[in-house]
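Trainee: I am new to this one. Can we go through it in short steps?

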Amino acid sequence: MLSNQKKFFKMRKTRNNIILQSLGQIILQCFFQYWQILFLQKNFSSKIFGIIYILFQLISLFSNSFFSKIKAQSFYSKAILICLSSGLFITSLLSTNKILFLIAILLFQLPFNIYDSQLYLEFQNRVGHRSLSSAVSILECASTLVATLTLWIVSGIISFFSLKMVLLYLTISFIVFSIIVLFMDRTD
């Protein structure tokens with residue numbers, strides 16, 4: 001088992017893929033842990049949260065069907081998806097218009113899910129079926145670590161900055177780190 005873990009981290013593309021998927025936890029935690037607070041801050045009633053959650057699930061299903069029709073394998077495709085999803089999330093954070101907020105936060109999931117699905121498909125193809133179980137364990141461990149770190153960061157600095165600013169800074173961090181790793185993967 002330990003030799004499999006070392007093998008995965010020596011394989012540059014697999015290691016970078018694990019890093020990219022783990023970095024995705026930054027924006028996922030910002031979204032999934034705080035979407036209800038964001039809606040309340042925009043003066044939406046908590047009574048519609050069930051409907052909003054159903055919309056999130058429908059968009060996720062739609063993005064999966066859309067993913068099966070496109071290829072987002074290139075550096076540029078992934079960079080565009082990162083910037084588009086992050087831009088929509090940032091728009092939702094900064095918007096003062098309820099309708100623009102709603103559209104942006106709903107649509108942000110579409111490019112992000114396509115990007116995340118592409119990364120996972122590449123990951124599966126790189127590690128193969130014989131090593132998939134060990135590789136998924138490593139991926140989940142790294143993702144959990146980044147998710148936990150993200151939530152610690154939010155809880156540690158929320159008393160100094162507004163939630164909106166903390167999520168904005170974390171989203172920008174996601175963009176910067178992801179583009180750097182993508183670029184390193186491209187040129188390394």
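Trainee: Which residues in H7 do the residues of H2 meet?
Mentor: This is a predicted model. Contact here means heavy atoms within 4.5 Å. On the H2 side, the residues include Ile18, Leu23, Gln29 and Tyr34. Their partners in H7 are Ile138, Leu139, Ala142, Ser143, Val146, Ala147, Thr150, Leu151 and Val154.

Trainee: How many residues of that contact are nonpolar, polar and charged?
Mentor: Take the residues of the contact of H2 with H7. They divide into eleven nonpolar, seven polar and no charged.

Trainee: How are H2 and H7 oriented to each other: parallel, perpendicular or oblique?
Mentor: Their axes come within 8 Å and cross at roughly 45°. Angles under 35 degrees count as roughly parallel, and 65 to 115 as roughly perpendicular. H2 and H7 are therefore oblique.

Trainee: Is the crossing of H2 and H7 left-handed or right-handed?
Mentor: Follow H2 as it passes H7. The crossing is right-handed.

Trainee: Does Glu122 count as buried or exposed?
Mentor: Glu122 is found in helix H6. Beyond its neighbours within four places in sequence, Glu122 is in contact with Asn17, Ala72, Gln73 and Lys78. Buried means under 20% relative accessible area. Glu122 has 10% relative accessibility, so it counts as buried.

How values were computed
Residues numbered from 1 in each chain as written. Predicted model: local features only at pLDDT ≥ 70, side-chain atom pairs only at ≥ 80, totals over all residues. Heavy atoms only, no water. Axes fitted to C-alpha atoms, helices over the stretch in contact; angles between N-to-C directions. Helix = DSSP H or I, 4+ residues; strand = E, 2+ residues; numbered from the N terminus. Parallel < 35°, antiparallel > 145°, perpendicular 65-115°, else oblique. Left-handed = near helix turned anticlockwise from the far one by under 90°. Nonpolar A, V, L, I, M, F, W, Y, C, P; charged D, E, K, R; others polar. Buried < 20%, exposed > 50% of the residue type's maximum accessible area, 1.4 Å probe, protein only.
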